[in-house]
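I set out to record, entry by entry, what I looked up in this structure. The entries below follow the order in which I worked.

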Amino acid sequence: MNVFGLVLAGGLASRLGGDKAMRLVNGQTLLAHALAILSPLCEALGVSTGTRTLPLPPAVQAVPDLEPFVMQGPLSGLYAGLKASRAADAETMLVLACDLPNVSMPLLQRLLRELVGYDVVFCEHAGLPEPLVCALRVQPMLKAVESSLAAGSLRVVPLWKNSRCRLLHDFDLAEFAPLEKTFANINTPEDLAREQ
């Protein structure tokens with residue numbers, strides 16, 4: 001399976017004062033941590049940068065938003081990532097939002113294993129979806145994301161659920177407990193302090 005790994009880092013992070021991807025947790029930027037988790041599972045890596053420029057390692061591709069779908073939320077980054085995946089001849093895209101420092105490589109491996117027979121796999125914890133930790137089949141999901149953006153429908157969860165979807169619930173994810181820590185994301189200075 002040829003896998004393209006995408007770190008979503010294109011948001012404005014206004015609640016955190018901007019530049020979320022470059023914030024340090026335990027001496028490592030959130031971006032570097034996400035890339036390190038994805039790297040062993042992927043043949044190529046990219047970072048969804050939105051409209052910004054981020055300092056990236058030489059082997060990592062910058063994936064800016066593409067016209068006409070610029071700054072349309074996470075779907076813009078997913079669309080650009082799927083296009084980059086297709087250009088890299090990847091059949092699968094593995095996605096990790098940069099603000100989830102406790103997601104583990106074994107969890108991402110599980111998403112890839114569960115993708116057999118589906119077009120998208122993502123998790124739900126305590127009834128709340130985690131759509132930006134997911135595995136996608138590039139060809140069908142590129143069409144689905146492009147159609148959704150063209151229609152002005154920017155919500156990720158309904159799009160995933162209306163696709164050939166495998167949703168992993170708490171009982172599927174018991175080995176990754178405590179899940180409230182696994183899926184704890186960083187949106188505020190208080191969240192950042194909690195992870196130090």
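This is a predicted model: local features need pLDDT of at least 70, side-chain atom pairs count only at pLDDT 80 or more; totals for chains, interfaces and linings use all residues.

**Entry 1: R110.** I then located R110 in helix α3, which spans residues 105–114. Setting aside neighbours within four places in sequence, I found R110 in contact with L168, D172, E175 and F176.

**Entry 2: the partner of R110.** I recalled that side chains of opposite charge can pair when their charged atoms come close. I found a salt bridge between E175 and R110, with the closest N and O atoms 3.2 Å apart. Because E175 lies in the loop between β9 and α6 (179–182) and R110 in helix α3, this pair ties together parts that are 65 residues apart in sequence. Is E175 buried or exposed? I noted that E175 counts as exposed, at 58% relative accessibility.

**Entry 3: further salt bridges.** I next examined R166 and E114, whose side chains meet in a salt bridge at 3.1 Å, N to O. R166 belongs to strand β9 and E114 to helix α3, so the pair ties together parts that are 52 residues apart in sequence. I recorded E114 as buried, with a relative accessible area of 18%.

I also looked up D119 and R164, whose side chains form a salt bridge (3.1 Å, N to O). Here D119 sits in the loop between α3 and β7 and R164 in the loop between α5 (156–161) and β9, so the pair ties together parts that are 45 residues apart in sequence. D119 counts as buried at 11% relative accessibility, whereas R164 is partly exposed at 47%.

**Entry 4: strand β7.** I turned to β7, residues 120–125, and found 6 of its 6 residues buried. Both faces are covered, with V120, F122 and E124 on one side and V121, C123 and H125 on the other. Strand β8 (residues 128–137) runs antiparallel to β7 and is joined to it by 6 bridges; V121 has A135 as its bridge partner in β8. The two strands form a hairpin with 2 residues between them, and A126 in the turn has a positive phi of about 55 degrees. β7 also pairs with strand β9 (residues 165–168) in the parallel sense, over 4 bridges. In that pairing, V120 stands opposite C165.

**Entry 5: cysteines.** I searched the whole structure for disulfides and found 0. I noted C42 as buried at 12% relative accessibility and C98 as buried at 6%.

Methods
Residues are numbered from 1 along each chain as its sequence is written. Side-chain values use heavy atoms; hydrogens and water are left out. A disulfide is a pair of cysteine sulfur atoms within 2.5 Å. Buried means under 20% relative accessible area, exposed over 50%, partly exposed in between (1.4 Å probe, protein chains only). Two strands pair if DSSP finds at least two bridges between them. Contact means heavy atoms within 4.5 Å. A salt bridge is a side-chain nitrogen of Lys or Arg within 4 Å of a carboxyl oxygen of Asp or Glu.
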